[in-house]
Amino acid sequence: MPDDFERMWNDLAPVGRSATSGGYFRQPFTAPEQELRAWFEAQCAARGLRVEADGLGNVVAWWDAGSGPGLLTGSHLDSVLDGGAYDGPLGVVSALAAVDLLRSRGFAPARPIGVSVFAEEEGSRFGLACLGSRLATGAMAWDRARELTDRDGVALGDVVPGGTSSLLSSVGTFVELHVEQGRDLVDRGEAIGVASEIWPHGRYRFEFAGAANHAGTTRMEDRVDPMLTYAFTALGANKQARLAGQRATFGRVEVTPNGTNAVPSLVRAWLDARCASDAELEELVEAITAQSADRAARDGTTLTMTPESVSRAVAFDPALAALVAADHEGGDWPVIPTQAGHDAGILAAAGIPTAMLFVRNPTGVSHSPAEHAEMPDCLVGVSALADTLERLAR
Ligand SMILES: [Zn+2]
């Protein structure tokens, strides 16, 4: 008898958890993430699901039933650095529990149902979000991806065999259940929501070059200090995004030489920006960059800006979203946009009809140990997912 949701959830709770922060460090292809994958494959085996893997770290476990294009559901098991328990694993564990629920209902699917785990969704190791699904859909080529390196200089090509993936060739529909990463459902008083669209978003590397010098003997007016240019840029980005109802975040900074008593020679900082439309995103990043370049000219520093990844706006299939959201106990579920990227967005952009279900997060906090979902809401999520799969595989 396979484990139920709560038991599975408790199995995963200690894996990759930091004793100091209570947060999770489940970076792709590291020991904790491998442990989660081994757990996943054991759970699939216990359910008699047929496991397929590609050489890129993606896995799909099939409930072979009926005929025609497969109905896929799942999410990811990796986390950001010091992340929460729910972002990713909630969708995987709920998918397994939904399969159990459908079987206990005696449901015979008219098409195969698959449970998926995509690799490196967060981009916390090789720097590119949704790396596994980008490779699986062909949105990114292996020849380019293999050169990506982590902070220790290890290349992706050194940790996975690579190649092309045929894992999604038989997939006709994808449904991803995910913890909500904001407060929309909390404010609405709803346990479940359905995604309408994903805001476009991008990651941009800003390099500010100056001149290293002594923190004591160098007069303030003689300095060429890239930290100042960076600080001004971060403040300006925050203000511009705030005034326009958009998002701009500098969450990662590297300083060279990173000494307390030295003016730095180089500051590298990464901007994460998100807006309601592609045009607004372009405008926002252009404005931040222009303001930063002005400031660099005044500081005597130089700015180099490199977009690392830009994901266009994704609109989920409206008919599918309406079908998923309609007619539940207590009425229809709300259909809401999200500012977070997901594998579902990559599959939708690749032309696979895709839907997302969100489960309420009472803290509204994500990518942090404070991320949470109440157990009753998680169980509502499982039955919501099972209902959705039933509607789509009848
Ligand atoms: Zn996620």
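Is Cys275 buried or exposed? Select Cys275: with a relative accessibility of 0%, Cys275 counts as buried (buried is under 20% relative accessible area, exposed over 50%, partly exposed in between, with a 1.4 Å probe and protein chains only).

Before moving on, note that this is a predicted model, where local features need pLDDT of at least 70, side-chain atom pairs count only at pLDDT 80 or more, and totals for chains, interfaces and linings use all residues. Residues are numbered from 1 along each chain as its sequence is written, and side-chain values use heavy atoms, with hydrogens and water left out.

**Stop 1: cysteines**

Stay on Cys275 and show the sulfurs. The closest cysteine sulfur belongs to Cys130, 18 Å away, which is too far for a bond. Now pick Cys44. Its relative accessibility is 0%, so Cys44 is buried. From the sulfur of Cys44, the closest cysteine sulfur is in Cys378 at 19 Å, again too far for a bond. The disulfide count is zero (a disulfide is a pair of cysteine sulfur atoms within 2.5 Å).

**Stop 2: helix α1 and its partners**

Colour by secondary structure (helices, H or I with at least four residues, and strands, E with at least two, are DSSP runs numbered from the N terminus). Select helix α1, residues 5-12, and helix α12, residues 375-392. Their axes come within 11 Å and cross at roughly 120 degrees (axes are lines fitted to C-alpha atoms, for helices over the stretch in contact, and angles run from 0 to 180 degrees between N-to-C directions). Phe5, Glu6 and Trp9 of α1 meet Met375, Cys378, Leu379 and Val382 of α12 (contact means heavy atoms within 4.5 Å).

On the α1 side, the contact uses Phe5, Met8, Trp9 and Leu12. On the α3 side, look for residues including Leu90, Val93 and Ala97.

**Stop 3: aromatic pairs**

Show the rings of Phe, Tyr and Trp. There are seven aromatic pairs (rings, with the six-membered one for Trp, pair if their centres lie within 6.5 Å; planes under 30 degrees apart are stacked, over 60 edge-to-face, the rest tilted). Zoom to Phe118 and Phe174. Their ring centres are 5.9 Å apart and their planes stand at 85 degrees, so the pair is edge-to-face. It links distant parts of the chain, 56 residues apart: Phe118 is in strand β6 (residues 113-118) and Phe174 in strand β7 (residues 171-179). Phe118 is buried at 1% relative accessibility. Phe174 is buried too, at 0%.

Go to Phe206 and Phe250. This pair is also edge-to-face, at 5.5 Å centre to centre and 75 degrees between planes. Phe206 sits in strand β9 (residues 201-209) and Phe250 in strand β11 (residues 247-256), so the pair ties together parts 44 residues apart in sequence. Both residues are buried.

**Stop 4: Thr233**

Select Thr233 in helix α8, residues 226-244. Thr233 is buried, with 3% relative accessibility. Leaving out residues up to four places away in sequence, Thr233 touches Phe206, Phe208, Phe250, Ile288 and Ser292.

**Last stop: charges over rings**

Select Trp63 and Arg103. Arg103 lies over the face of Trp63, 4.6 Å from the ring centre (a charge sits over a ring if NZ of Lys or CZ of Arg is within 6 Å of the ring centre and within 35 degrees of the ring normal). Finish at Phe232, where Arg298 lies over the face at 6.0 Å from the ring centre.
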